[in-house]
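Please look at the sequence and the 3D model below before reading on.

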Amino acid sequence: MNTAAPTNASLRMHLDRVLFTEAQIAERLDEMAEAITQEFEGETLTVVALMHGGLFFVADLLRRVDLPLRVECLSVASYHGGTQSSGRVTFLQNNLPKVAGQNVLVVDDILDTGRTLHAITHRLVENGAPEKMQIGVLLDKNVKRAHEVDLDYSGFEIGNDFVVGYGLDYRGLYRNLPCIGVLKREYIGLPEA
């Protein structure tokens, strides 16, 4: 029995199909960064990045934004190892960034139920109202939302597929795939590696 950890190439074979290639993602990030740069031209922007799923997206997007940036990170969980939001948003740290009076961009990998972004934006405002707050996501899932969220920047709209790659994971795997794809059903529900 082979107990070696799966490689990037073998993980890619777990995809049913690729939705967005590395080149498509890069092109869309260029467009999003240009829009953000124009919106906040001449100002300092505080980016609140949601980890871990947003790691690749945030890093690649922010390198393209031509503004003075402050970067804060928040760790939250809502999937808790499953393929759907559990309905419960867990903040994995006690202290929220102080954003009162600042221009803020909250950045996440995916918007689906809206619970995570709703909880975060409300907690940030309760902690001290920003001058201006906008929201950007890589993926906007076209599903019924528990909480409506007004997006200012969105990379791509997707259906109700379970997607992995480019930061998005299933049980901690697939984040390092350079593309975004739909995971084959036979790989969902496997024991953790």
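Helices (DSSP runs of H or I, at least four residues) and strands (runs of E, at least two residues) are numbered from the N terminus. This is a predicted model, in which local features need pLDDT of at least 70 and side-chain atom pairs count only at pLDDT 80 or more, while totals for chains, interfaces and linings use all residues. Residues are numbered from 1 along each chain as its sequence is written, and side-chain values use heavy atoms, with hydrogens and water left out.

Thr-121 lies in helix α4, which covers residues 115–126. Its relative accessibility is 12%, so Thr-121 counts as buried, a word that means under 20% relative accessible area, with exposed over 50% and partly exposed in between (1.4 Å probe, protein chains only).

| Residue | In contact with |
|---|---|
| Thr-121 | Val-106, Met-133 and Ile-135 |
| Leu-139 | Phe-20, Asp-109, Ile-110, Leu-111, Phe-156, Ile-158, Val-163, Leu-168 and Ile-180 |

Two strands pair if DSSP finds at least two bridges between them. An open, antiparallel sheet is formed by three strands in the order β1-β9-β8. Because β1 (15–20) and β8 (163–164) each have a single partner strand, one side of each is left without a neighbour in the sheet. Between β1 and β9 (residues 180–183) there are four bridges, and Phe-20 has Ile-180 in β9 as its bridge partner.

A nonpolar core is a set of buried Ala, Val, Leu, Ile, Met, Phe, Trp, Tyr and Cys residues joined through side-chain atoms within 4.5 Å. In the largest one, with 30 residues, Ile-36 and Leu-139 touch the most other members, and α2 gives the largest share, five residues.

Notes: Contact means heavy atoms within 4.5 Å. Lists of a residue's contacts leave out its neighbours within four places in sequence.
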